[in-house]
Amino acid sequence: MSTSEQQRDPAGAGPVPEPSASGARPPADGPAPADPAGASPTSPVGRLAATVERLRREVRAAQAEAEGRALIELAKGILVERLGCGPAQAARQLAELAEQARVTPLEFAVEVINQAARDRVSEVTDAFLATAGGARERDSAVRLRAAESGALAADDTQAVADSLLEHALRPLGAVAVAVWAAGADGSLTLSGSAGFSPAEATRWRYVPPEVSTVARRGLTERTGQWFTSLAATGLPTIGRHLHPDGGRVAVPAGTGGRIHGVLEIAWPGPLEPQPPQVVRQVEALAELCAHTLKTSAPGQAAGQEPRVLPDAAELMDLADGLHDPALVLVPHVDGDGQLVDFRIQHVNSRFLDPAGRPRAVVNGALLLEAFPMAAGKSELFQRVERVYATGEVYRAHPMHLTALVDQVPLSAVADISISRHGGSVLLIWRIEDETARLASLLQHAQRLGRIGGFEENLLTGEITWNDQLFGLYGRAPSNTPVPLEELPSHAHPDDAVAIGRFLRTLLHHRRPASAAFRLQRPDGVTRHIRVVAEPVLDTDGRLFVVRGAYQDISAQHWTEVALAATRDQLAHTEQQATERNRLTLQLQHAIMPPTQAPLRVSGLDVAVRYRPAETEQLVGGDWYDAVVLPSGLVLLCVGDVAGHGIEAATSMVVLRNALRGLAVTGAGPGQLLSWLNIVAHHLTGAVTATAVCALYDPRRRTLRWARAGHLPPVLVRGAEAAALPLVRGMLLGAVAEAAYEETELRFAPQDTLLMYTDGLIERRDRSVEESLSHLLTTARSAPRTLDQQLDRLLTYSRSDTDDDTCSVGIRVA
């Protein structure tokens with residue numbers, strides 16, 4: 001046959017080999033593998049390799065010949081049955097008809113089988129032939145029948161996978177196939193695979209329940225999943241690393257409404273949308289897998305006996321032993337083997353029909369005939385169908401069930417449990433009577449609300465109380481109920497007026513009424529009660545029945561009394577808190593004024609700001625000072641004592657005043673902090689604090705400064721702002737003695753120096769370096785006046801620690 005006459009498969013995978021003498025088409029052989037040693041064909045190793053390859057081709061051809069011969073023999077048997085002739089005459093008839101149709105005997109044999117079988121494979125091949133009816137469509141039919149023959153003759157699922165890949169899937173461009181068996185718990189077991197390495201198959205031998213894979217998507221969706229590329233799904237699966245961009249198909253393998261597993265097919269590259277004929281062909285192959293899967297348990301090795309599952313009779317015995325109503329359902333299929341309904345095989349003795357029908361009427365009926373609305377909003381039928389298909393147990397609490405009997409819809413609420421056992425389904429429902437359920441809810445509501453109901457017939461004198469009302473009165477249920485007219489004798493004397501008004505409105509004016517009173521019980525307990533009642537009139541307008549309820553409101557009454565006392569106490573506490581806050585704020589302003597009086601220093605502007613913490617304890621430990629010393633130097637300092645409250649404020653006052661007193665000695669900033677450390681350690685209860693101390697010389701325009709564990713000052717010069725280099729110095733009060741390094745800074749005209757506490761910049765979610773960087777950015781845009789600049793720093797502060805904030809600024813003229 002010339003190249004132009006070669007037939008191609010439906011997916012365009014390449015030319016199809018010529019048929020053999022019997023009409024079977026052997027599989028295509030690739031090029032002979034090269035000698036691994038690079039030896040010439042005439043060498044001993046080359047001759048051995050050629051011999052092995054020739055024997056492999058002969059084995060493949062023999063397998064194809066045998067499979068084709070099986071289909072031809074089956075067609076001959078069909079002709080023998082239909083024509084009433086012998087085998088030899090049927091063989092001649094088959095050859096003559098194939099010659100007249102100008103097709104191979106194998107292709108004609110497949111057409112005979114399809115016409116006689118009228119099964120799923122026949123439908124698929126008819127769909128192919130209906131498109132064009134050419135050689136490639138007939139070849140598809142041959143491949144499908146060959147795959148079916150190989151699958152039915154296979155000993156296990158592994159052989160089925162090999163047959164499907166070789167005969168039906170490679171011509172479609174597929175490179176590998178996996179057959180998964182579904183377990184009752186939702187797990188997946190690899191029953192057979194072809195095209196994947198043994199190591200990869202071992203790695204994917206078992207997939208636990210609830211693990212999302214490509215095969216599980218095919219199992220849960222039940223309509224088949226066609227993925228253009230694995231990369232787009234993100235789902236793990238067997239052989240993913242081999243073809244990460246390849247296409248995948250996962251189709252459920254089921255028969256008669258029951259899913260036994262999944263057929264997964266792999267392509268080396270992206271999978272384009274396939275025509276309906278190819279989709280139906282893959283579904284037919286999945287059905288072939290289902291016939292093999294249902295004969296063996298998941299993970300069952302070849303040659304083992306199939307797992308024995310309980311039949312319907314055993315399940316009926318199980319249902320009879322349950323304490324809940326139960327139905328045993330068996331699948332009901334049509335002539336084509338499709339599941340259309342479930343027959344109620346058995347109902348146990350505890351079953352109660354929602355419509356009140358006898359069990360004999362329901363037993364033996366179809367599920368949708370007995371309960372037509374089961375396929376409606378309740379989706380009961382869909383749940384049963386899914387459990388039967390997948391084996392996954394379903395439970396729901398509660399579910400509304402609806403039955404349509406004599407065109408009257410009846411509804412009930414039930415707890416549902418559905419499980420599959422072998423080929424049957426066990427449906428358990430615990431139906432709650434709606435009236436009983438509402439009565440139970442009412443009873444619980446009355447008990448929780450401590451409500452007792454009554455009804456009194458004024459004509460006969462008959463009085464009806466419920467159990468809750470006997471309990472409210474403290475009387476036994478065997479005692480006689482109390483009539484309404486005797487109510488004043490059971491109430492506190494001070495409530496006689498309210499009860500009299502209630503009885504006149506109810507009995508004489510015949511209007512609904514209510515009253516609150518104190519009930520005095522026989523056991524000496526007094527309860528606060530509210531009674532509500534309404535009159536019931538007959539057709540002549542006469543009063544004959546009074547209905548009502550008593551409610552114990554003692555807890556509410558005492559709650560209201562306690563609430564009133566709490567309100568009085570709260571008002572007194574609020575008044576005290578307001579006074580305390582006023583005094584605290586006055587103390588705060590006395591210790592640390594929010595602003596500083598202007599300093600009279602030539603060529604120097606000084607401004608300070610203080611913002612207390614936003615807490616109930618307004619007194620904090622932050623402090624500042626700016627004072628002109630007798631020597632003419634200006635003392636500038638800020639500090640922060642650890643903690644809040646009166647103790648922190650007291651320590652702050654001690655340190656602030658001590659530093660003022662020490663500064664008159666003429667010592668430098670480092671020596672002043674060293675002395676202040678001794679004060680903090682020995683004289684104030686071993687508090688700890690940080691501080692920056694500086695002495696400004698107006699004549700030389702220099703600043704000597706030292707720090708004790710505090711943040712460095714910020715120098716703003718022109719459009720730039722930078723923190724001063726750190727000098728060594730530990731926080732105050734940590735050790736008995738400490739030395740502090742000091743340094744000197746010379747100012748230029750219009751320089752600004754900012755000293756501050758950590759409350760200005762500290763944040764819980766940022767580092768100190770990030771917060772300091774934000775401060776430098778804010779300080780660069782300096783307003784015209786120093787006061788405006790300090791106000792700007794407070795306004796744009798991002799601190800979120802609600803800490804005190806002190807800031808001191810100086811600007812050189």
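Predicted model: local features only at pLDDT ≥ 70, side-chain atom pairs only at ≥ 80, totals over all residues.
Residues are numbered from 1 along each chain as its sequence is written, and side-chain values use heavy atoms, with hydrogens and water left out.

The secondary structure of the protein comes to 22 helices and 26 strands. Helices (H or I, at least four residues) and strands (E, at least two) are DSSP runs, numbered from the N terminus. Of the 813 residues in the protein, 44% are buried. Buried means under 20% relative accessible area, exposed means over 50%, and partly exposed lies in between, for a 1.4 Å probe and protein chains only. Contact means heavy atoms within 4.5 Å. Among contacts between residues at least 6 apart in sequence, 58% join residues at least 24 apart.

Two packed helices are described by the angle between their axes and the distance between the axes. Axes are lines fitted to C-alpha atoms, for helices over the stretch in contact, and angles run from 0 to 180 degrees between N-to-C directions. Helix α6 (residues 157-169) and helix α10 (residues 276-293) have axes that come within 10 Å and cross at roughly 160 degrees. The two helices α6 and α10 are therefore roughly antiparallel to each other. Angles under 35 degrees count as roughly parallel, over 145 as roughly antiparallel, 65 to 115 as roughly perpendicular and the rest as oblique. The crossing of α6 and α10 is right-handed. A crossing is right-handed if the near helix is turned clockwise from the far one by less than a right angle, and left-handed if anticlockwise. On the α6 side the contact is made by Thr157, Val160, Leu164, Ala168 and Leu169, and on the α10 side by Gln281, Leu285, Leu288, Cys289, Thr292 and Leu293. By class, this contact of α6 with α10 has 8 nonpolar, 3 polar and no charged residues. Here Ala, Val, Leu, Ile, Met, Phe, Trp, Tyr, Cys and Pro count as nonpolar, Asp, Glu, Lys and Arg as charged, and the others, Gly among them, as polar.

In a second pair, the axes of helix α19 (residues 646-663) and helix α20 (residues 669-682) come within 10 Å and cross at roughly 140 degrees. Helices α19 and α20 are therefore oblique to each other, and α19 passes α20 in a right-handed crossing. Helix α19 contributes Val654, Leu655, Ala658, Leu659, Leu662 and Ala663 to the contact, and α20 contributes Leu672, Trp675, Leu676, Val679 and Ala680. The contact of α19 with α20 has 11 nonpolar residues, with no polar and no charged ones.

Arg521 is placed in the loop between β14 (513-520) and β15 (526-537) and counts as buried at 18% relative accessibility. A polar contact is a pair of N or O atoms within 3.5 Å; within protein, one must be able to donate a hydrogen and the other to accept it, and residues adjacent in sequence count only if both atoms are side-chain atoms. The side chains of Arg521 and Asp523 are joined by a polar contact of 2.7 Å, and a polar atom of the Arg521 side chain lies 3.2 Å from the backbone oxygen of Gly471. Not counting residues up to four places away in sequence, Arg521 touches Gly471, Leu472, Tyr473, Gly474 and Arg527.

Ser229 lies in the loop between β4 (225-227) and α9 (230-233) and, at 14% relative accessibility, counts as buried. Its side chain reaches the backbone nitrogen of Ala231 at 3.3 Å and the backbone oxygen of Asp245 at 3.3 Å.

Pro630, in the loop between β18 (620-628) and β19 (634-644), counts as exposed at 75% relative accessibility. Pro698, in the loop between β20 (689-697) and β21 (702-708), is partly exposed, with a relative accessible area of 25%. Leaving aside neighbours within four places in sequence, Pro698 is in contact with Val601, Ser602 and Gly632. Arg701 lies in the loop between β20 and β21 and counts as partly exposed at 32% relative accessibility. Most residues other than glycine have a negative phi. Phi of Arg701, however, is near 55 degrees, a positive value. Gln750, in the loop between β24 (742-746) and β25 (752-756), has a positive phi of about 70 degrees although it is not a glycine.
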